[in-house]
Amino acid sequence: MKRHEQLCIGMSLAPTWLSGDGWRRPDSGIAGLFSSEFATRIAQRAEAAHLDFVFRPDASALPVAPLEQSFGFASLDPTLMLASLVQATSQIGLVTTISTTFTHPYTIARQLMSLHWMSRGRAGWNVVTALAGHENFGLSDMPSSAERYARAAEYVQAVQALWDSFPAEALLMDAGTGRYADTTLIRPADHAGPVFDIAGPLNIPTYPGPRIPVMQAGASPGGVALAGQIADMVFGQTLDKPTALETSARLGAAAEQAGRAPGAVRLLPGLSLYLAETRDEARALFLATQARVTREQRIERVRVATGLDLSDWRDDARVTVADLPADHQPRLPAHRDILHALIASDTPTVADLLARPEVLASVHWQVIGTVDDALAIIADWFDAGAIDGFVAVPGGSWDCMERVLGQLIPRLAQAGLFRSRYHGDTLADHLSD
Ligand SMILES: Cc1cc2nc3c(=O)[nH]c(=O)nc-3n(C[C@H](O)[C@H](O)[C@H](O)COP(=O)(O)O)c2cc1C
């Protein structure tokens with residue numbers, strides 16, 4: 001059963017449609033990647049489609065080898081990028097990604113509240129605990145998952161205490177009496193926890209409108225528990241409908257455990273979309289984008305997903321289900337299941353298997369097809385209560401990105417699954433639709 005009347009939809013500002021070989025297309029605009037105009041063009045299109053928010057994932061480390069072929073993790077600072085969109089947009093939410101593992105709550109409470117004021121209530125915070133980057137912050141190792149989530153929970157509490165320390169009501173700005181603020185309402189944050197010791201108050205007042213919605217990304221029990229406590233949205237990694245249904249149920253239970261309504265945490269998986277006029281064209285777009293993925297890299301994808309190492313296999317040898325190790329536990333079970341199903345039905349040769357899009361499947365839910373195909377599957381998952389919306393990560397080309405915003409979203413609106421106009425001007429307003 002669906003939990004909300006309409007989908008909640010975000011648009012990734014990570015230019016996924018330029019990844020692989022997408023950036024090499026003449027119309028890719030790659031030369032402008034580090035300009036603010038680049039993000040502005042997309043945010044304005046996303047706002048014209050009435051999306052809930054634009055969103056910038058982020059990393060705190062740079063794997064160098066992938067830069068030989070594509071832009072990888074090199075990007076503008078996400079919060080500065082979103083701040084540059086404030087003047088160019090007026091209603092769409094602006095969700096930045098900030099790691100609680102490597103930053104300090106005082107700095108981040110101030111940055112987020114600044115973005116919220118500047119955008120008049122449109123800021124959102126994607127809380128991540130990060131997967132890498134410790135060496136850039138003076139740490140000898142990556143803290144364990146349990147340490148990172150304990151720090152994240154305390155971090156969010158500290159940020160909230162800082163926001164509460166200078167409440168909006170303290171601002172009087174009474175020119176008649178000359179009283180600028182009621183300082184009796186400004187109090188210390190007095191946060192003292194195992195990790196942080198923060199006096200406060202914060203040096204910016206809280207915005208006198210709706211609060212800053214929180215997104216969370218992380219799927220382990222610790223991540224789900226944190227989401228249940230603090231998140232309005234979860235950026236999920238659910239490649240198939242059973243996983244999405246199960247994740248939704250886990251998030252609902254975690255929200256109830258934290259004393260909130262079961263539908264309080266919206267599950268928004270990343271949705272990789274390769275859309276074209278026909279299914280064949282969409283498939284060709286996907287394969288062209290991945291053309292330089294080597295045989296070794298494809299073999300590695302199969303190994304990670306299924307545990308089967310094809311390194312020494314001949315191209316014409318057939319792969320059967322009996323060849324797949326039964327006890328393999330991959331990080332993304334859905335990718336294993338997709339490859340299992342394919343091998344069970346087709347018994348492909350190694351060459352055929354390695355050429356299939358499923359081998360290169362995105363880390364996200366993926367649709368390679370027409371706008372109608374995408375519409376049908378989104379409606380199906382939403383009606384079943386598997387998702388509450390999605391974060392669009394279009395792939396392949398600028399044209400595909402335009403097709404998502406210019407065709408798919410309007411079709412979702414026509415089908416009554418998405419808004420056809422905004423009913424408010426803040427991110428919290430959009431989430432209450
Ligand atoms: C869909 C998804 C998106 C993520 N995006 C980011 C990101 O943009 N930046 C980041 O540092 N970590 C990101 N992470 C990593 C998580 O914050 C977390 O550190 C990681 O998933 C390990 O936690 P887990 O075991 O709970 O999943 C993401 C994780 C998921 C599942």
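How far apart do the C-alpha centres of domain 1 and domain 2 lie? They lie 33 Å apart. This is a predicted model, in which local features need pLDDT of at least 70 and side-chain atom pairs count only at pLDDT 80 or more, while totals for chains, interfaces and linings use all residues. Residues are numbered from 1 along each chain as its sequence is written, and side-chain values use heavy atoms, with hydrogens and water left out.

**The two domains**

Select 8-276 together with 370-431 for domain 1, then 282-359 for domain 2; the bounds come from an automatic or database domain assignment. Where they meet, 19 residues of domain 1 are in contact (heavy atoms within 4.5 Å) with 13 residues of domain 2. The two domains bury about 1,300 Å² between them, with 57% of it on carbon and sulfur atoms. Buried area here is the accessible area (1.4 Å probe) that two parts lose on being put together, summed over both. Now pick Asp21, Leu239 and Tyr274: these three supply 44% of the area that domain 1 buries against domain 2, more than any other three residues.

**The ligand**

A backbone N or O atom of Asp58 is 2.4 Å from a ligand nitrogen atom. The side chain of Thr129 has an N or O atom 2.7 Å from a ligand oxygen atom. For the side chain of Ser220, the corresponding distance to an oxygen atom of the ligand is 2.5 Å. The protein buries 84% of the 600 Å² that the ligand exposes when taken alone, by the Shrake-Rupley method with a 1.4 Å probe.

**Two backbone details**

Go to Ala130, in the loop between β4 (123-128) and α4; helices (H or I, at least four residues) and strands (E, at least two) are DSSP runs, numbered from the N terminus. Ala130 is not a glycine, yet has a positive phi of about 70°. Finish at Pro201, in the loop between β8 (197-198) and β9 (214-216). A cis peptide bond, with omega about 0°, joins Gly200 to Pro201. Most peptide bonds are trans, and most residues other than glycine have a negative phi.

Technical notes
Polar contact = N/O pair within 3.5 Å; in protein donor to acceptor, adjacent residues only side chain to side chain.
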